[in-house]
Each structure stands twice: as structure tokens, then as C-alpha cells.
Amino acid sequence: MPNEIKWDLLHEQAKIAMKNAYVPYSKFPVGVSALVNDGRIVSGCNVENASYGIGLCAECGLISNLAMTGGGRLVAVVCVDGNGDFLSPCGRCRQLLFEHGGNELLMMTPDGPQPMSFLLPWAFGPANLE
Ligand code: THU
């Protein structure tokens, strides 16, 4: 587990990811980057579709990137909008992030880092299926 979270680096990586967004319909690019417990950084951007409802949120790409590059647990996440400002992830994406980071996963907000236990209280997750 990395003992220091480089929030500025995660913010920069999220802004770089956001530049890759494919958003011809909403014109609302999103980028997200996360620190994994082995020290690597994974990222994603939103990828929309002519069938509007099946567009992929940026967090979907991040989770796919996480799995494809070796898995692990998410430690810290930064999500940004087209201005590079911290963005509040949608409910579905909080669930995606919770699966791979649990209650301790930290997410940057305008009020500083907040744990998933605050952003998605009493979450349904893998433990409920045991
Ligand atoms: N979006 C994300 O990528 N992540 C979120 O957490 C919120 C919303 C995307 C979906 C859509 O492409 C655009 O933002 C506008 O809703």
C-alpha cells in the first residue's frame, strides 16, 4: 500500500484522460484516475454512443483498465469535468468504484478527500453475497 497519495498527480492524470473523452452527444467530457494499492495509476474517460443510453461513463473505462492491467484495490480516485474541476460520480459509478475499493477508498471532492463510506453509505457489495 503506498503510504502517500499524490493527489496532484492523480488530478493531472484525470485531466489528461478527460481529453480523450468521446462525447459528441453531451459535449460533457469526463476523466478519472485512480491510485491502485500496488502503486500504479489507472484512468478512464467517457465514451458515448449514438444509442444514447448505452454510453460508457469514465469510471467504466477506469475499472476496465484496472482489470486489464493486473487488478488490485483502488486506494484514491479523482474524477474531473471538462474544466478539470472535481466531479461528483454518478450513483452507478460509485457502485463500480465500491466493488474495487470498498469503504476505505478515498475520493477527492471540493471539501477534500472523502471515503466511499461517506459517498455511498451502507453500500451493497461483495460481502452481502457471502
Ligand atoms: N459521466 C461520467 O462519465 N461519469 C459520471 O460519474 C457522471 C457522468 C458522463 C456520462 C455522459 O457521457 C456525460 O458524463 C454526461 O452525463
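**Notes on a predicted model: sheet, helices and side-chain pairs**

1. Keep in mind throughout that the model is predicted.

2. Now look at α2 itself, residues 58–68. Its buried residues are Ala58, Glu59, Cys60, Leu62, Ile63 and Leu66. What do the buried residues of α2 pack against? They pack against β1, β2, β3 and α3. An α-helix has 3.6 residues a turn, so residues three or four places apart point the same way.

3. Next, the sheet. It is open and has 5 strands, in the order β2-β1-β3-β4-β5. The pairing is mixed. Which strands are at the edges? They are β2 and β5, the latter spanning 112–115, and each pairs on one side only. On average, neighbouring strands of the sheet are turned by 25 degrees against each other, with direction ignored.

4. Take the pairing of β1 with β3 (residues 74–80). These two strands run in the antiparallel sense and share 6 bridges. Ala34 has Val77 of β3 as its bridge partner. Leu35 stands opposite Ala76, also in β3. When you trace side chains here, recall a general rule: in a regular strand they alternate between the two faces of the sheet.

5. Are β3 and β4 parallel or antiparallel? They run parallel, joined by 2 bridges. β3, helix α3 (residues 91–101) and β4 together make a right-handed β-α-β unit.

6. How many residues of β3 are buried? The count is 7 of 7, and the strand is described as mostly covered. α1 lies across β1, β2, β3, β4 (106–109) and β5, and runs at about 50 degrees to β3. α2 packs on the sheet too, where it touches β1, β2 and β3. The direction of α2 makes about 145 degrees with that of β2.

7. Is Phe98 buried or exposed? Its relative accessible area is 9%, so Phe98 is buried, the cut-off being under 20%. Leave aside residues up to four places away in sequence, and Phe98 touches Asn103, Met116, Leu120, Ala123, Phe124, Gly125 and Pro126. Met116 is 18 residues from Phe98 in sequence, yet their C-alpha atoms are 6.8 Å apart in space.

8. The structure holds 1 aromatic pair. Its partners are Tyr25 and Tyr52, with ring centres 5.3 Å apart and planes at 50 degrees. Why is this pair called tilted? Planes under 30 degrees apart count as stacked and those over 60 as edge-to-face, so 50 degrees falls in the remaining class, tilted.

9. Where do the two tyrosines lie? Tyr25 is in the loop between α1 (7–18) and β1 (31–36), while Tyr52 is in the loop between β2 (41–45) and α2. The pair therefore ties together parts that are 27 residues apart in sequence. Tyr25 has 37% relative accessibility and counts as partly exposed. Tyr52, at 65%, counts as exposed.

10. There are 2 salt bridges in the structure. One joins the side chains of Glu12 and Lys15, at 3.3 Å from N to O. Both residues lie in helix α1, 3 residues apart, which is about one turn of the helix. Glu12 counts as partly exposed at 41% relative accessibility. Lys15 is also partly exposed, at 26%.

11. Asp38 and Arg40 form a salt bridge as well, with 2.8 Å between the closest N and O atoms. Which of these counts as buried, and which as exposed? Asp38 is exposed, at 52% relative accessibility. Arg40 has 19% and counts as buried.

Technical notes
Residues numbered from 1 in each chain as written. Predicted model: local features only at pLDDT ≥ 70, side-chain atom pairs only at ≥ 80, totals over all residues. Heavy atoms only, no water. Phe/Tyr/Trp six-rings, centres within 6.5 Å; stacked < 30°, edge-to-face > 60°. Helix = DSSP H or I, 4+ residues; strand = E, 2+ residues; numbered from the N terminus. Buried < 20%, exposed > 50% of the residue type's maximum accessible area, 1.4 Å probe, protein only. Pairing = 2+ DSSP bridges. Axes fitted to C-alpha atoms, helices over the stretch in contact; angles between N-to-C directions. Contact = heavy atoms within 4.5 Å. Salt bridge = Lys/Arg side-chain N within 4 Å of Asp/Glu carboxyl O. Right-handed = clockwise from strand over helix to strand, strands pointing away.
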